[in-house]
Each structure stands twice: as C-alpha cells, then as structure tokens.
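Please look at the sequence and the model shown here, and then read the points grouped by topic.

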Amino acid sequence: MWRSYESPVFGILMLEIKVQGAKSLKDRRQVFRSLQTLLRKRWNVSVTDLGPSGSWSDLAMAVGIVGSSFDSVEDTLSDVMRFLNMKEELSEFSIVRMKREVEKYDVF
C-alpha cells in the first residue's frame, strides 16, 4: 500500500568546458576530477563526465540533483553555477556553454 508522497524534483546542469593548455587526456581528467570532488563534497550532487572521450581540451559534464522541493533544487543548481563561474576565473578552463533544467516528476 502506497502512502501519499511529495513528487520528487530533479535538476540537471549541463556544461561544455574548454580546458586551456591541456597536453593530454590526463590534464583534462584532472580538471574534471577536481571539479567532481569539489561539487560532490560541497553539495552532494552527482557529477559525470560525458566526453568526448578522445579530446584533450573539450569536456562535457553533467551535474544532477534530486530533491523534495523545486526551490531547493533551483537554489542548489544556482549555487553550483555561481561556484563554477568563480572557479572559471581562477582556473585553467573556460565554460563554453551551460544549460540548466529543473522538473517535477509527478508520475511516481
């Protein structure tokens, strides 16, 4: 028997990043792992490398979060975006494109 639950809200942030000065896949992976560790530790979000697998300087990544309210998911993704923009100014990568979506999953 199912109880009445709130519908989950999910958010995803897609990023396309250019790693300046990358001379190998190792350089690209280091930038990704650094960002992945920081984002997971600070906001407990999922972070994945989407490729392209053979490129040294191009990186596509996704940040995902599931929550119980639209506002909390929106706020977390906004915080992540501000953080990434700040890191961009201090690091060896530039954000080429960023797209964010937040949806309520009401089929559950």
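**Salt bridges and overall layout**

E101 and K99 form a salt bridge in which the closest N and O atoms are 3.3 Å apart; the term denotes a side-chain nitrogen of Lys or Arg within 4 Å of a carboxyl oxygen of Asp or Glu. The model is predicted, so local features need pLDDT of at least 70 and side-chain atom pairs count only at pLDDT 80 or more, while totals for chains, interfaces and linings use all residues. Residues are numbered from 1 along each chain as its sequence is written, and side-chain values use heavy atoms, with hydrogens and water left out.

**Fold and dimensions**

- The protein contains two helices and four strands; these are DSSP runs numbered from the N terminus, with helices being H or I of at least four residues and strands being E of at least two.
- Along the sequence, the elements follow the pattern β-α-β-β-α-β.
- The C-alpha trace spans about 55 × 25 × 25 Å along its principal axes.
- Of the 108 residues in the protein, 32% are buried; buried means under 20% relative accessible area, exposed over 50%, and partly exposed in between, with a 1.4 Å probe and protein chains only.

**Salt bridges in detail**

- A search of the whole structure finds six salt bridges.
- R97 is joined to E16 by a salt bridge whose closest N and O atoms are 2.4 Å apart. Because R97 lies in strand 4 and E16 in strand 1, this pair ties together parts that are 81 residues apart in sequence.
- R97 counts as exposed because its relative accessibility is 54%, whereas E16, with a relative accessible area of 32%, is partly exposed.
- Another salt bridge brings together the side chains of K18 and D58, at 2.6 Å from N to O. This pair links distant parts of the chain, with K18 in strand 1 and D58 in strand 3 (residues 58-67), 40 residues apart.
- K18 is partly exposed with a relative accessible area of 33%, and D58 is partly exposed with 29%.

**The largest pocket**

- The largest pocket has a volume of about 220 Å³. A pocket, on a 1 Å grid over the protein atoms alone, is an open set of points where a 1.4 Å probe fits, with protein on both sides within 12 Å along at least five of seven lines; lining residues have an atom within 4 Å of a point.
- The lining consists of 13 residues, of which D27, Q30, V31, S91 and E92 are the closest to the pocket centre.
- Helix 1 (residues 25-43) gives the most to this lining, with five residues.
- By class, the lining has five nonpolar, five polar and three charged residues.

**Surface and strand 4**

- A nonpolar patch on the surface is formed by F10, V66 and Y105, with about 300 Å² of accessible area together. Patches are made of residues with over 30% relative accessible area and no salt bridge, nonpolar side chains being joined within 5 Å.
- F10 belongs to strand 1 (residues 9-19) and, at 36% relative accessibility, counts as partly exposed.
- E103 is placed in strand 4 (residues 93-104) and, with 40% relative accessibility, counts as partly exposed.
- E103 and S46 are 57 residues apart along the chain, and their C-alpha atoms are separated by 16 Å.

How values were computed:
Points joined across faces, edges and corners; volume = space filled by probe spheres on them. Nonpolar A, V, L, I, M, F, W, Y, C, P; charged D, E, K, R; others polar. Patch = residues over 30% accessible without salt bridge, like charges linked within 9 Å, V, L, I, M, F, W, Y side chains within 5 Å. Areas by Shrake-Rupley, 256 points an atom, 1.4 Å probe, with all protein chains shown as cover.
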